[in-house]
Amino acid sequence: IAAVRNTDSMDALSKATGAVCFCIDNELVYEPFFADFGPLNLGLTYRFCTRLDNLLMQQDQQPESSRQRIFFCCGADPYRKANAS
């Protein structure tokens with residue numbers, strides 16, 4: 001897990017390391033019940049697992065010499081970091 005300030009940082013990390021970086025901050029958003037901040041509900045957790053599984057399968061289909069690392073990135077906001085972990 002990498003905490004980044006904005007998507008430009010994530011793009012720079014991807015280019016610098018040749019890795020696949022993905023973020024769910026804007027896609028899988030926690031809906032608070034009151035003044036809490038997580039964790040994600042089971043449906044959102046399933047969607048995260050499905051997305052990660054797809055990325056892993058894509059890498060598995062590549063020759064071993066061209067496989068890339070996968071980085072899960074989140075925003076620097078404390079609530080986003082707590083939900084991402």
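A disulfide is taken here as a pair of cysteine sulfur atoms within 2.5 Å, and a search of the whole structure returns 0 disulfides. Cysteine 21 is buried at 16% relative accessibility, whereas cysteine 49 is partly exposed at 44%. In these terms, buried means under 20% relative accessible area, exposed means over 50%, and partly exposed falls in between (1.4 Å probe, protein chains only).

The model is predicted, so local features need pLDDT of at least 70 and side-chain atom pairs count only at pLDDT 80 or more, while totals for chains, interfaces and linings use all residues. Residues are numbered from 1 along each chain as its sequence is written, and side-chain values use heavy atoms, with hydrogens and water left out.

Helices (H or I, at least four residues) and strands (E, at least two) are DSSP runs, numbered from the N terminus.

Charged side chains form 2 salt bridges, each requiring a side-chain nitrogen of Lys or Arg within 4 Å of a carboxyl oxygen of Asp or Glu. In one of them, arginine 51 meets glutamate 27 at 2.9 Å, N to O. This pair links distant parts of the chain, 24 residues apart, with arginine 51 in helix α2 and glutamate 27 in the loop between β2 and α2. Arginine 51 is partly exposed at 29% relative accessibility, and glutamate 27 is partly exposed at 46%. Aspartate 60 and arginine 67 also meet in a salt bridge, at 3.6 Å, N to O. Here aspartate 60 is exposed at 54%, while arginine 67 is partly exposed at 39%.

Aspartate 25 also lies in the loop between β2 and α2, and is buried at 14% relative accessibility. Leaving out residues up to four places away in sequence, aspartate 25 touches Cys74, Gly75 and Arg80, where contact means heavy atoms within 4.5 Å.
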